[in-house]
Amino acid sequence: MVETREADPVEDPLLWASRSWPLAWQRKGDMLVGAGTEILRLDVTGPDRIARIAASWREIMAAAEVDDEVRVPGTGLVAFGAFAFDDGSAQRSTLTVPSTILGRRGGRHWITRIRNARAAAPDEAPQPSDYGSHWSATLGPGRMDPAAHGDAVREALAAIEAGEVKKVVIARDIAGSVPVDADLRRLVRALASGYPDTWTFAVEGIIGASPETLVTVRGGEVTARVLAGTRPRGADADEDSAIIAELAANPKDVDEHEYAVRSVVDALRPHTSALASAEQPFTLKLPNLWHLATDVEGTLSNGSTALDMVRALHPTAAVAGTPREAAMAAIRRIEPFDRGRYAGPVGWIDGNGDGEWAIALRCAQFGVPGETTDRGWMIDPDGTRPVTAHAGGGIVAGSVPEAELLETRVKFRPIVDALA
Ligand SMILES: C=C(O[C@H]1C=CC=C(C(=O)O)[C@@H]1O)C(=O)O
C-alpha cells in the first residue's frame with residue numbers, strides 16, 4: 001500500500017535519513033530521501049543479478065496499490081538500488097524500499113508512506129534528528145598503491161599493444177576508517193553542496209557525487225550523460241581555456257570518449273525508436289576537473305523500465321573499456337581487488353518504471369557493523385568503521401602512467417576533501 005501526499009516544504013529532508021546508513025538521491029535541489037524501516041529488500045549476486053532484480057521489480061510494480069496525489073517521477077512506489085560492478089563480485093546488488101520517502105522536485109514537496117499490505121498498521125512516522133558532531137576519516141593506500149598503479153597502467157598498455165583491448169579502465173583504491181558513530185549524512189550534505197552539477201547518492205553505504213548518469217527514464221524518454229576524457233582544472237580562466245582547447249582536440253581523449261559514447265548508443269539502440277547524440281562532445285566543468293561529455297537521448301520503443309536499461313547498459317566503456325568482455329577480463333587480471341559497487345549502477349526506480357541511475361564514481365563505500373570487507377576488516381572493537389574509495393581512468397594507446405596517476409588523485413579529491 002503506497003500513499004503519496006503533497007507536503008509542506010522541508011528545509012533539509014536529509015535530517016530524516018539514518019545517520020549511519022543514509023538513503024538519499026540528490027541533484028540541484030531535487031531530492032529523494034528514504035527514512036523509517038525497510039519494507040522490501042532484494043539482495044542478488046552473480047551474472048544475472050540486474051535481470052533478476054528488473055524482473056522482480058516488474059512483479060512488485062504490478063502488485064502495488066498506489067494512491068498518488070502528486071504524480072511526478074519519484075512519487076508513489078520508489079526503490080533505491082546499488083549494484084556490484086562485476087558479475088563475479090562478492091558484493092551484493094541490492095534494491096531496497098523504505099517505509100517513508102521525502103521528496104522534492106521543481107519546488108514541489110511530498111511524502112510517500114509505504115507499507116506491506118499484510119502489516120496490521122503503518123509504521124510510526126519517522127522523526128528528524130540533528131546532525132551528529134563533526135568527524136573525519138584517516139585514509140591511506142589500499143591494495144594498489146601509486147607504484148602498483150604505474151605497473152597496472154603499463155600492463156594495460158601492453159594489453160592494448162597486443163591487440164587484446166582498445167581501451168581498458170584501471171582503478172586504484174584508498175582505504176581507512178571513520179568513527180563508528182560518524183553521521184554519514186554530513187558527507188552527503190557536503191558533496192551535494194560542493195558538487196551541485198553531479199548526482200549525489202547514498203545507498204547501501206556507498207556515498208558519492210557522480211558526474212555521469214548511466215541512464216534516466218522518464219515517461220517513455222531515455223537519456224544518458226556519457227563522460228570520458230579528463231583534465232584537472234586550471235589555476236585561472238586563461239589556463240582553463242587552454243586546457244579545454246587541448247582536451248577537445250587531443251586524439252587520445254577524443255578516441256577514449258568515442259568508445260564510451262558508442263558503447264551507450266549500441267546498448268540503447270535495440271530499445272529505442274529515435275536515438276540522437278551530438279556529433280562533438282562538450283566540455284563539462286566540475287570544481288576539480290574537466291570532462292569531455294555527450295548527452296544521448298531516445299524514445300523507448302519496447303516498454304522497458306529504467307532497470308531494463310541499466311541491465312542493457314552496464315558496464316559501459318567509461319568504466320570497463322572496449323571491447324567490453326576483453327576489457328572486463330583485463331580488469332580482473334590487472335586489478336588486485338573486487339571493485340564492489342564502485343563503477344556499478346546506483347539510483348532509484350519508481351512504480352511506473354521511471355528512474356535515474358548514475359555510475360557510482362567519486363564515492364566511498366562504508367562498512368556495515370559485523371560485516372567483513374574485502375580487506376578483511378570489521379567494525380573494530382576500537383570503535384572505527386572501514387571505508388574504501390576507488391578512482392580510475394580509461395587507458396588507451398598513448399596513455400602516460402604518471403598522468404593517469406595524477407588523474408586518479410584529482411578524481412579522489414571530492415571524497416578525500418569531504419572526508420578530511
Ligand atoms: C573511472 C572513473 O571515471 C570515468 C568517468 C569519466 C571520465 C573517465 C576518464 O576520463 O577516464 C573515466 O572513464 C572514475 O572516476 O573513477
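Mentor: Start with the terms: axes are lines fitted to C-alpha atoms, for helices over the stretch in contact, and angles run from 0 to 180 degrees between N-to-C directions. Keep in mind that this is a predicted model.

Trainee: At what angle do helix 3 and helix 8 pack, and how far apart are their axes?

Mentor: The angle between helix 3 and helix 8 is about 130°, and their axes are 10 Å apart. Helix 3 is therefore oblique to helix 8.

Trainee: Is the crossing left-handed or right-handed?

Mentor: Helix 3 passes helix 8 in a right-handed crossing.

Trainee: Which residues meet there?

Mentor: Helix 3 brings Leu187, Ala190, Leu191 and Gly194, and helix 8 brings Pro414, Ala418 and Leu419. By class, that contact has six nonpolar residues, one polar and no charged.

Trainee: Which residues of helix 3 are buried?

Mentor: In helix 3, residues 185-194, the buried ones are Arg185, Leu187, Val188, Arg189, Leu191 and Ala192. Their cover includes helix 8 as well as strand 2 (23-27), strand 10 (199-203) and strand 11 (206-210).

Trainee: What about helix 2 against helix 8, what angle and distance there?

Mentor: Helix 2 (residues 146-161) packs on helix 8 (residues 401-419) at about 125°, with the axes 9 Å apart. Helix 2 and helix 8 are therefore oblique to each other. Helix 2 also passes helix 8 in a right-handed crossing.

Trainee: Which residues make that contact?

Mentor: From helix 2, Pro146, His149, Gly150, Val153 and Arg154; from helix 8, Pro401, Glu404, Leu405 and Thr408. The classes there are four nonpolar, three polar and two charged residues.

Trainee: Switching to the ligand. Which residues come nearest?

Mentor: Leu227, Thr230, Gly392, Gly393 and Gly394 come nearest, out of 17 residues around the ligand.

Trainee: Which strands each supply at least two residues of the shell?

Mentor: Strand 9 (167-179), strand 13 (221-232) and strand 21 (384-396). By class, the shell has eight nonpolar, six polar and three charged residues.

Trainee: Last one, Asp30. Where does it lie, and what is it in contact with?

Mentor: Asp30 lies in strand 3 (residues 30-44). Leaving aside neighbours within four places in sequence, Asp30 is in contact with Arg104 and Arg105.

Trainee: Why does Asp30 count as partly exposed?

Mentor: Because Asp30 has 18 C-beta neighbours inside 10 Å, and a residue needs 20 or more to be buried and 12 or fewer to be exposed.

How values were computed: Residues numbered from 1 in each chain as written. Predicted model: local features only at pLDDT ≥ 70, side-chain atom pairs only at ≥ 80, totals over all residues. Helix = DSSP H or I, 4+ residues; strand = E, 2+ residues; numbered from the N terminus. Parallel < 35°, antiparallel > 145°, perpendicular 65-115°, else oblique. Left-handed = near helix turned anticlockwise from the far one by under 90°. Contact = placed C-beta atoms within 7 Å. Nonpolar A, V, L, I, M, F, W, Y, C, P; charged D, E, K, R; others polar. Near = placed C-beta within 6 Å.
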